[in-house]
Amino acid sequence: MSLRILPVTTGALSLIYAYLTANVILMRRSESIVIGAGDNKLMEFRVRGHANFTETVPFALILLGLIEYNNYVPQWALISLSSVFVIGRALHAYAFSFLHPVKVHLKYRAPGFGMTLATIGISGSIVLVNGVKNAFNL
């Protein structure tokens, strides 16, 4: 079976990752911050946004890949899960790219991470249920 949805999802996420990475690198250079965030709040935001991305995306991609490889759901459902995940990661990345007032920051961060968590929770449940079915021939 060839994977058709996962490469598109991974490609879109790689662009967000490149954006987050560039934000950190460019700010490190302009502010002469070698490691950490110094006393710079925006740098701290950018570092945490980048870190959060690297903490959540690989796990979600593994789950989405298992779903696609094993054909656990119809293609439209996988496209929906993948789309929600990419949009959620984009919203979250935007929230951490600028020093917004708290109300504006949370306007993007909360739904962004909610979409991320929903995708991981739903995908994990799909993999678990189908994995148990397959393991025990249910």
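Predicted model: local features only at pLDDT ≥ 70, side-chain atom pairs only at ≥ 80, totals over all residues.
In which sense, left-handed or right-handed, does α3 pass α4?

Residues are numbered from 1 along each chain as its sequence is written, and side-chain values use heavy atoms, with hydrogens and water left out.

The protein chain has four helices and zero strands, where helices (H or I, at least four residues) and strands (E, at least two) are DSSP runs numbered from the N terminus. Along the sequence the pattern reads α-α-α-α. Taken along the principal axes, the C-alpha atoms fill a box of roughly 60 × 30 × 25 Å. Of the 138 residues, 40% count as buried; buried means under 20% relative accessible area, exposed over 50%, and partly exposed in between, with a 1.4 Å probe and protein chains only. A contact means heavy atoms within 4.5 Å. Among contacts between residues at least 6 apart in sequence, 71% join residues at least 24 apart.

Helix α3 covers residues 75-95. Its 21 residues should span 30 Å at 1.5 Å a residue, and its end C-alpha atoms are 30 Å apart, which agrees. The expected span is 1.5 Å times one less than the number of residues. Among the buried residues of α3 are Leu78, Leu81, Ser82, Phe85, Arg89 and His92. An α-helix has 3.6 residues a turn, so residues three or four places apart point the same way. The buried residues of α3 pack against α1 (6-31), α2 (41-69) and α4 (102-135).

Now the pair named at the start. The axes of α3 and α4 are 7 Å apart, and the two helices pack at an angle of about 150°. Axes are lines fitted to C-alpha atoms, for helices over the stretch in contact, and angles run from 0 to 180 degrees between N-to-C directions. That makes α3 roughly antiparallel to α4, since angles under 35 degrees count as roughly parallel, over 145 as roughly antiparallel, 65 to 115 as roughly perpendicular and the rest as oblique. The crossing of α3 and α4 is left-handed: the near helix is turned anticlockwise from the far one by less than a right angle, whereas clockwise would be right-handed. The residues of this contact divide into 13 nonpolar, seven polar and two charged. Here Ala, Val, Leu, Ile, Met, Phe, Trp, Tyr, Cys and Pro count as nonpolar, Asp, Glu, Lys and Arg as charged, and the others, Gly among them, as polar.

Helix α4 also meets α2. Their axes come within 9 Å and cross at roughly 25°, and α2 and α4 are therefore roughly parallel to each other. This crossing is left-handed. The contact includes Phe45, Thr56 and Phe59 of α2 and His105, Phe113 and Thr116 of α4. Its residues divide into eleven nonpolar, seven polar and no charged.

Two single residues complete the tour. Thr116 lies in helix α4 and counts as buried, because its relative accessibility is 0%. Leaving out residues up to four places away in sequence, Thr116 touches Thr56, Phe85, Gly88 and Arg89. Pro101 sits in the loop between α3 and α4 and is exposed, with a relative accessible area of 55%. Pro101 and Gly49 are 52 residues apart in sequence and 16 Å apart in space, C-alpha to C-alpha.
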